[in-house]
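Walk through this structure with the coordinates open. The tour goes from one chain, across the interface, and into the other.

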Amino acid sequence: MRGYFLTRVALVLPTLLGATLLIFLLLRLLPGGPVDLLESTEFRLSPQARKALEAQFGLDVPLPVQYVRWLGGILRGDLGQSLRTNQPVLDVITRRLPISVELATLSVLLCVAAAVPLGVVSAIRRNSVFDFGARMVGLLGLSLPNFWLAILLLLLASRVFNWFPPLTFTPLLEDPWTNLAQMLLPTVTLATSLMAVVMRMTRSSMLEVLGQEFVRTARAKGLAERLVVVRHALRNALIPVVTIIGIQTGYLLGGVVITEQVFGIAGMGSLLISGVGHRDYPVIQAAVMFSAVAFIGINLAVDLLYGYLDPRIRYE
Amino acid sequence: MREGHLTRRALLRSAAAAGAGAAMAPLLTQIQHHTALAQEVRAGGFLTAAQEVDPVSLDPHNRSNFSSFQAFEHIYESLVAYDRNLSIVPSLAESWSTPDPTTYNFRLRRGVRFHDGGELVADDVKYSLDRVFDPKTASPWGSIVKPFIERIEVVDRNTVRIKLTQPYPPLLGWFAYRRGSGIVKAGSADKLNFNIQAIGTGPFALKEYVPDSHVVYQKHREYWQSGIPYLSGFMFKVLTQEEARVAGLQARALEYAFLSQEGADRLKGVAHVDVLKSLRAWVAMLRTNPSRRPWSDVRVRQALALALDRKALIDKAVGGAAVPSGYIPAGYGDWFTPADKLPWKRDLDRSRRLLSEAGFPQGFRTTIKASPQYPEFIAAAVVIADNLKQVGVDAQIIQMEWGQFVRETGVQGGNNYDLAITAFVFRHDPDGYFRFYYHSKDPNNPGYRNAKVDELMDKAVTTVNRQERRRFYAEMQQILYDEVPYIPMYTTYKAEAMQKYVKGYVPMFSDSREFFKETWLDKR
């Protein structure tokens with residue numbers, strides 16, 4: 001198991017290096033650079049001003065040098081400075097990350113709490129009214145674009161309940177109530193689209209497992225149906241579900257761009273989108289890198305979970 | 001009565017300013033004041049406002065973005081200011097004299113305090129201006145004035161002298177404009193990160209700035225203008241989605257927000273919200289590319305101007321909330337061309353004739369570039385393409401992300417466009433609506449050349465006599481109207497929504513919200 005783990009970690013390094021190169025190059029391929037974005041269509045900078053800014057932003061050296069400088073910085077734990085705010089990128093990210101992590105965690109929790117039971121019941125009562133209903137709702141959740149749902153929820157809250165979420169972020173530990181009130185609508189928004197996927201996956205996976213022989217055996221030896229479903233079937237059915245949840249969590253951690261923007265939440269998503277809007281290279285690079293690292297980390301965690309859920313899976 | 005008092009004082013000041021060669025005359029635009037005259041002002045209270053764009057930076061000198069100005073205009077002041085009618089009034093300078101047309105002596109107001117308690121002195125003014133004009137600062141708005149500045153001298157602790165290379169009447173306007181002329185404490189650029197930190201002399205001090213989330217301001221207790229600001233502070237919550245701003249107003253979570261016509265319509269029937277509509281300096285421009293065929297042919301540009309249906313443009317692009325405009329936005333003092341004097345009434349026959357003369361009896365294919373950053377421009381592009389089709393020109397609309405649009409339609413991207421849509425906002429002087437686009441010496445002019453236009457523009461900007469300046473601009477605009485390098489389309493109305501108990505706010509033609517300093521809340 002240790003060997004396998006080490007091999008995997010060793011494989012992570014080239015993956016990450018590839019990711020850095022890709023991010024770096026793709027950004028430079030974007031038309032318009034940080035200096036262009038300081039201009040507007042009404043007003044242009046003089047050539048001298050452009051030169052001064054390029055030097056200030058470290059863009060006056062050839063691309064390979066810029067890339068190596070950036071990599072060298074990462075190795076020293078220095079992600080550079082935001083071209084827009086002059087703050088160290090690491091500071092910016094450490095301030096925003098907890099917000100995105102909390103949002104992702106709450107969304108996943110809400111999603112799992114609702115979607116897994118729904119999927120199980122749907123599978124047990126296959127083709128019942130409940131099953132059709134749940135599948136319809138699931139399809140709806142999957143088809144609704146996030147930003148649309150977010151705006152609908154806001155309008156609903158303000159028109160019907162005369163309520164609007166608190167405007168500035170309060171950490172959970174400081175004031176749980178305000179914090180959760182602010183997280184409520186974005187969490188529901190994100191959980192809805194996530195739920196559809198997880199519910200459908202749980203349902204189809206359960207159906208598959210329920211048709212297998214060990215389930216028949218469990219029933220034949222006289223186990224209560226509840227035990228058959230929860231202990232035998234569900235546990236086996238969860239593996240693909242966990243994978244799906246893992247992948248989705250990766251997306252959520254990377255920041256949910258539109259949802260954060262609608263609600264004016266300063267997490268990783270709005271950092272990324274404003275970074276792209278200003279071509280703030282160091283910030284975009286760091287945010288995307290973080291996203292890549294989160295994905296890799298979660299994949300690793302999912303693999304470990306497999307082992308717990310199905311003792312037959314061992315790293316050998 | 002506070003209102004009457006202020007107006008009278010402002011009038012006296014504007015008379016003084018006009019004598020000193022002010023660029024701007026009081027606007028004739030009717031502005032609704034959100035005031036209740038008979039009421040006693042109630043001080044205190046915190047205003048929660050929405051900000052529609054995340055401010056790019058709080059640096060008062062080196063950013064061209066309007067969103068930056070929207071954030072720092074409450075913090076920094078300059079030597080002079082605009083009053084509600086855009087007349088120039090004293091601010092950090094309590095008076096000034098111009099012994100000759102190239103010398104300005106500014107006498108600083110005594111006892112002005114920065115937010116950190118420091119006192120304003122002449123060295124601070126010199127430091128600030130030196131920073132603006134330093135090439136390393138790369139100040140876009142500073143670069144306009146720089147060629148006219150010979151030197152800045154500290155005469156004594158409270159007097160600053162500015163020597164100009166030649167007469168430059170827009171100077172006072174440039175100070176009042178504050179997009180590059182804010183006064184900071186000497187040496188503070190080295191101590192503070194100006195992008196996110198700020199210490200000025202303005203009515204509000206920066207309390208907290210969280211990019212992409214909010215900016216919080218608190219009252220400057222030692223503000224030199226006694227009695228104001230009334231608010232103990234206010235917040236700009238960044239909400240880029242208009243729907244969120246509408247919902248926030250409806251639920252009473254927001255007390256002020258800027259809206260489009262569409263957003264304002266959605267608040268109809270919400271009894272606790274007032275919507276103030278006023279003309280704003282936002283003139284939508286259809287840019288042609290005079291360096292690229294066939295737009296290099298003046299007849300083709302004229303044909304386009306004749307094909308445009310301005311009423312349809314205004315109805316479709318901004319829901320009817322605009323008036324037809326010339327090069328200077330309608331409502332800009334007494335400089336703009338009144339609606340009944342505007343050329344280019346729609347005439348499709350003449351348009352087709354001109355195209356035939358230019359060698360395009362069957363029309364041609366072209367493109368219109370616009371960015372969905374401003375949905376208004378996409379809607380306008382659809383109308384323009386439709387208008388062009390009626391004279392046989394097939395225009396393809398190309399939508400672009402903002403950064404790409406800025407680059408491609410500028411000199412850096414090689415002016416890679418046929419037609420492009422943009423808008424020009426408030427300028428400190430009429431010169432700002434012409435120099436960057438039509439002067440053949442300006443590097444950003446995409447290719448329009450006319451020696452007479454250059455000459456008139458240069459004369460207008462260095463002539464002190466106001467009537468003469470007006471004549472030069474009128475004559476120059478006649479040439480531009482005839483040769484239409486760009487085609488001005490319309491000037492828009494803006495809608496600012498606020499809870500009914502928000503009083504004292506004055507909408508500004510310049511889109512400044514500096515009257516938060518006189519805003520108060522009529523509630524317990």
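Predicted model: local features only at pLDDT ≥ 70, side-chain atom pairs only at ≥ 80, totals over all residues.

Start with chain A. Its secondary structure comes to twelve helices and zero strands. Read from the N terminus, the elements are α-α-α-α-α-α-α-α-α-α-α-α. The C-alpha trace spans about 85 × 60 × 35 Å along its principal axes. Chain A has 316 residues, and buried ones make up 39% of them. Now take the contacts in chain A between residues at least 6 apart in sequence. Of these, 72% join residues at least 24 apart.

One backbone detail is worth a stop in chain A. A:Asn86 is not a glycine, yet has a positive phi of about 65°. This residue is found in the loop between α3 (63-75) and α4 (89-124) of chain A. A:Asn86 counts as partly exposed because it has 15 C-beta neighbours inside 10 Å.

Next comes the interface. In chain A, 42 residues are in contact with 46 residues of chain B. Which elements of chain A give two or more residues to this side? They are α2 (47-56), α6 (146-160), α10 (257-263) and α11 (268-277) of chain A. The most comes from α6(A), with six residues. By residue class, the side of chain A that touches chain B divides into 19 nonpolar, 16 polar and seven charged.

Just after α2(A), A:Gly58 takes a positive phi of about 70°.

Now the nonpolar cores. The largest one has 218 residues. Within this core, A:Val198 and B:Ala380 have the most contacts. What does B:Ala380 touch, leaving out residues up to four places away in sequence? The partners are B:Ala284, B:Leu313, B:Ala317, B:Ile421 and B:Met489. Another core, of eleven residues, lies apart from the largest one. Among its members are A:Ala49, B:Met400, B:Phe405 and B:Val406. As a general rule, in soluble globular proteins, nonpolar side chains tend to be buried together.

Chain B brings a sheet. It is open, has four strands, and has the order β4-β5-β7-β6 (chain B) with antiparallel pairing. The edge strands are β4 (93-100) and β6 (149-156) of chain B, and each pairs on one side only. On average, neighbouring strands are turned by 20° against each other, direction ignored. Five bridges join β4(B) to strand β5 (residues 103-108) of chain B. B:Ser97 stands opposite B:Asn105 in β5(B). Helix α3 (residues 122-133) of chain B lies across β5, β6 and β7 (159-164) of chain B. This helix runs at about 165° to β6(B).

Two cis peptide bonds deserve a check in chain B. One joins B:Ile228 and B:Pro229, with omega about 0°. B:Pro229 is found in the loop between β9 (214-219) and β10 (233-238) of chain B. Another joins B:Arg293 and B:Pro294, again with omega about 0°. B:Pro294 is in the loop between β12 (273-288) and α9 (298-307) of chain B.

B:Trp344 has a positive phi of about 65°, although it is not a glycine. This residue is found in the loop between β13 (322-324) and α11 (348-357) of chain B. Is B:Trp344 buried or exposed? B:Trp344 is buried, because 20 other C-beta atoms lie within 10 Å.

The last stop is B:Lys459, in helix α15 (residues 451-462) of chain B. With 16 C-beta neighbours inside 10 Å, B:Lys459 counts as partly exposed. B:Lys459 and B:Phe472 are 13 residues apart in sequence. In space they are 7.3 Å apart, C-alpha to C-alpha.

Terms used
Residues numbered from 1 in each chain as written. Chains lettered and ligands numbered in written order. Core = buried A, V, L, I, M, F, W, Y, C linked by C-beta atoms within 7 Å. Buried ≥ 20, exposed ≤ 12 C-beta atoms within 10 Å, placed from the backbone. Contact = placed C-beta atoms within 7 Å. Nonpolar A, V, L, I, M, F, W, Y, C, P; charged D, E, K, R; others polar. Pairing = 2+ DSSP bridges. Axes fitted to C-alpha atoms, helices over the stretch in contact; angles between N-to-C directions.
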